Amino acid sequence: MTTRLTVAQALVRFLAAQYTERDGVRQRLISATWGIFGHGNVAGLGQALVEYGDDMPFHQGRNEQSMVHAAVGYARQSNRLSTHAVTTSIGPGATNLVTGAALATINHLPVLLLPGDIFATRVADPVLQQLEVPYAGDISVNDCLRPVSKYFDRVTRPEALIPAALQAMRVLTDPVETGAVTLALPQDVQAEAHDWPDEFFAERTWVVRRPGADPTELAEAIDVIRSAQRPLVVAGGGVHHSRAEEALAEFASVTGIPVASTQAGKGSLRHDHPQDVGGVGHTGTATANELARQADLVIGVGTRYTDFTTASGTLFEKQGVRFLNLNIAPYDGHKLAGMPLVADARSGLTELTEALQMHAHRVTGVYVDEYTLDKERWEQRVDACYEADEPDIRPTQPQVLGALDALVDESDVIINAAGSLPGDLHKLWRARSRDQYHLEYGYSCMGYEIPAAIGVKMAAPDRNVWALVGDGTYLMMPTEIVTAVQEGIAIKLLLIQNHGYASIGGLSETVGGERFGTAYRYQSEDGTYTGAPLPVDLAANAASLGMRVLRAKTVRDLRAALEQARAADTPTCVYVETETADTVSGAPPAQAWWDVPVAETATRASAVKARELYERHVSTRRRHL
């Protein structure tokens, strides 16, 4: 039997019938579609979503990039088992997807992109917004999405939709390969009718597998753990993707091995778990980084070892240090010349724990006492950063976090991506649940937080969801506030004003750039941006977009405003201007290096001094072989 539908109608019906299943739990794979319509999709996918609106919920976005961010936030909160599709017109609508696609793919988070494309039949050529490429007639701007997609196809004939759609679902549900998936849809093909086999629209369940470890690799892993004197676990985002938090907690409790976390892995253990030693790397804690420097075995679980984690190759400095990498992706399992243990994180940790229990293996009490004492000392530093003895003064950024920390419980979700906040949060935040700490640091994309908060709130409607945003990030992409207001999505926005790109300003100063071009100030007579702060009222801007805004001038005001926002059932913003670390103590400085190359030759004293320090750090870098 067949049914005659357009390509767009068939695609919408197909997507509505796709499911995932893991551990016996089944759910919709594509639970909704975001869209902004133009001449590339209005008569195709736009009409199809009208036709089958009962089967496929629709959400109206304001920016194509932010629609992808919302889908990614939803996918992460859904443990990668459910996501959204995003449709755009051809031209700028499609190219606006590129940043969001890169973010999704880098973070291994599934999202389906459905950009309109130029006519497959070439009857109208060139069309409005078409990029003409003289040497290749089959290229459109959508080809920009190829390098940032895990799967890309252009559906130039109705018959081609079936294999393309099936391949797209395969990649979206593959725990190794998942990321952005792009099906480019020529606008004439979208509207073309075809006789489709009814089997294409039957419900289909994609099982998300949990592969166990190879017996040989597992035996070798057990031997190397048992022989280590100072092992350290580095927990990455794969722990969360696998829902391996309880398995990791059991492994750590049984063995006594301390657990440090990357930005993506923070929250793998609760902050008060005896074996949790906090963030590791350039933005990590002194406790975790000192353990990393002295570790003779680093057990990476679901991490891809970015330069922030390894301190650009300078952190794991002990002679003879070895790496055991439990990862579902072989590519990441072999990093740092490590011993791979290719398996699902939960399956692998369970197998390791069972084997080590049989051997009654546990690290020495001396080692446990050492990191326990160091952890207590770091917690005292966190308390000092959070403390505000004078409640009627302007808060520092750590004191802002301290006020929020004192208010939330394990049900709250904290979202951030860029600026100076990721460093402060990684060092200071006390994660209370496995998914409270939502940092997008694979791409560290300014503008991610607000749309991602919308996606997270859609996936977890009963949770309090906080988007933590600095002024630089806010100005990149505030437009989805309108979406939150339109759909009644009660996100909480904590908007911190510090008059510029604070994190890059600080970095610029350390590498000889003298904070050039990083402040939001008027120009001075010499052309530098060193004049008075700009009279920009971001709170008024948020209010103009429909959000309720609470202004906080002091620590006392802030505490009251945060409490009101948490109780609100409408989108609410807390706006606070912070004191700078130049006059008031801020967060502890970086506890490990990060390689940002410094000018090799310069006449200005700041750059010369920065180069001398840079060369000292570079000399400590090593390649692990």
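Which hand, left-handed or right-handed, does the crossing of α8 and α14 have? The crossing of these two helices is right-handed, the term used when the near helix is turned clockwise from the far one by less than a right angle.

This is a predicted model, in which local features need pLDDT of at least 70 and side-chain atom pairs count only at pLDDT 80 or more, while totals for chains, interfaces and linings use all residues. Residues are numbered from 1 along each chain as its sequence is written, and side-chain values use heavy atoms, with hydrogens and water left out.

Helix α8 (residues 215–227) packs against helix α14 (residues 345–358) at an angle of about 55°, with the axes 10 Å apart. That makes α8 oblique to α14, since angles under 35 degrees count as roughly parallel, over 145 as roughly antiparallel, 65 to 115 as roughly perpendicular and the rest as oblique. Axes here are lines fitted to C-alpha atoms, for helices over the stretch in contact, and angles run from 0 to 180 degrees between N-to-C directions. Helices (H or I, at least four residues) and strands (E, at least two) are DSSP runs, numbered from the N terminus.

On the α8 side, Leu218, Ala221, Ile222, Ile225 and Arg226 meet Glu351, Leu352, Ala355 and Leu356 of α14, where contact means heavy atoms within 4.5 Å. By class, this contact has 7 nonpolar, no polar and 2 charged residues.

Helix α1 (residues 7–15) is mostly covered, with 8 of its 9 residues buried; among them are Val7, Leu11 and Phe14.

Three single residues can be set side by side by relative accessible area, with buried meaning under 20%, exposed over 50% and partly exposed in between (1.4 Å probe, protein chains only).

| Residue | Relative accessible area | Class |
|---|---|---|
| Asparagine 107 | 14% | buried |
| Lysine 150 | 32% | partly exposed |
| Arginine 623 | 75% | exposed |

Asparagine 107 is found in the loop between α5 (97–106) and β7 (111–117), and its side chain makes a polar contact with the side chain of glutamate 440 at 2.9 Å, a polar contact being a pair of N or O atoms within 3.5 Å of which, within protein, one must be able to donate a hydrogen and the other to accept it, and residues adjacent in sequence count only if both atoms are side-chain atoms. Lysine 150, in the loop between β7 and β8 (151–154), makes a polar contact through its side chain with the side chain of glutamate 177 (3.5 Å). Arginine 623 has its place in the segment after α24 (605–618).

Methods: Ala, Val, Leu, Ile, Met, Phe, Trp, Tyr, Cys and Pro count as nonpolar, Asp, Glu, Lys and Arg as charged, and the others, Gly among them, as polar.
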